[in-house]
Amino acid sequence: MDLRYPIGQFNWSGPNTSEQRARLIDDIAAAPEKMRSAVAGLSDAQLNSPYRDGGWTVRQVVHHVPDSHMNSYIRIKFALTEHEPTIKPYDEAVWAELIDGRTAPVEPSLSLLEGLHRRWALFLRSLSDDDVKRKFNHPELGIVTIDKYIALYAWHGKHHVAHIMSLREREGWR
């Protein structure tokens, strides 16, 4: 197994049907609980363990997810309120190395993720079939539809939970 991609790389064959999109939004809604369960009972030493050689620590992964998902939520709002806006990317590796990403307790990020996803899922469920066709320009990914971004972020949450769960399994952390 490639430890970088424990559930495989993101692959989208879209567009999504309404039913597929509803399941993807359910995955987004479930991500905070799955992340909280993934880190439940871990010690500081375990939180400071990288999920793979050269990878982020569990703590950095937990902090990265709300950073990334907040950016995604805002990008979708830009796509709905502007014509194909060019969004601002961020250097996630640099963000992960900031002091809060390396040392902060995980609880604030878990709580942030819960609130964000409650609001995000409610918002995503309100989108029409026409809304999800709207696009933004991502300087690294090109033109992206909201529909594809929903699929990407359903995958993204599962991807990072799997990083932690696969580490727990390999290390025998129960």
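Glu97 is partly exposed, with a relative accessibility of 44%. In this predicted model, the side chain of Glu97 meets that of Arg102 in a salt bridge, with 3.9 Å from N to O. Arg102 is likewise described as partly exposed, because its relative accessible area is 37%, a value between 20% and 50%.

**Salt bridges**

Side chains of opposite charge can pair when their charged atoms come close. The count of salt bridges in the model comes to 10. Three of these pairs are set out below.

| Glu114 | Arg36 | 2.7 Å |

The salt bridge between Glu114 and Arg36 links distant parts of the chain, since Glu114 lies in helix H6 and Arg36 in helix H1 (residues 18-39), 78 residues apart. Glu114 has a relative accessibility of 24% and therefore counts as partly exposed. Arg36, at 27% relative accessible area, is also partly exposed.

**The packing of H3 and H6**

Helix H3 covers residues 58-81 and helix H6 covers residues 107-125. How are these two helices arranged? They pack at an angle of about 25°, and their axes are 9 Å apart. An angle under 35 degrees counts as roughly parallel, and H3 and H6 are therefore roughly parallel to each other. The crossing of H3 past H6 is left-handed.

Residues from both helices make the contact. On the H3 side they include Val62, Val65, Met70, Tyr73, Ile76 and Leu80, and on the H6 side they include Leu110, Leu113, Leu116, Trp120 and Phe123. Also among the contact residues are His63, His69 and Lys77 of H3, together with His117 and Arg119 of H6.

**Asp67 and its contacts**

Asp67 is also placed in helix H3. Leaving aside residues up to four places away in sequence, Asp67 touches Tyr90 and Trp95. Asp67 and Tyr90 are 23 residues apart in sequence, while their C-alpha atoms are 9.8 Å apart in space.

**Two features of the backbone**

Where does the model contain a cis peptide bond? Such a bond joins Gly14 and Pro15, with omega at about 10°. Pro15 is located in the segment before H1.

Another backbone feature concerns Glu84, whose phi is near 40°, a positive value in a residue other than glycine. Glu84 is found in the loop between H3 and helix H4 (92-97). Its relative accessible area is 34%, so Glu84 is partly exposed.

Note on methods. Residues are numbered from 1 along each chain as its sequence is written. This is a predicted model: local features need pLDDT of at least 70, side-chain atom pairs count only at pLDDT 80 or more; totals for chains, interfaces and linings use all residues. Side-chain values use heavy atoms; hydrogens and water are left out. Axes are lines fitted to C-alpha atoms, for helices over the stretch in contact, and angles run from 0 to 180 degrees between N-to-C directions. Helices (H or I, at least four residues) and strands (E, at least two) are DSSP runs, numbered from the N terminus. Angles under 35 degrees count as roughly parallel, over 145 as roughly antiparallel, 65 to 115 as roughly perpendicular and the rest as oblique. A crossing is left-handed if the near helix is turned anticlockwise from the far one by less than a right angle, and right-handed if clockwise. Contact means heavy atoms within 4.5 Å. A salt bridge is a side-chain nitrogen of Lys or Arg within 4 Å of a carboxyl oxygen of Asp or Glu. Buried means under 20% relative accessible area, exposed over 50%, partly exposed in between (1.4 Å probe, protein chains only).
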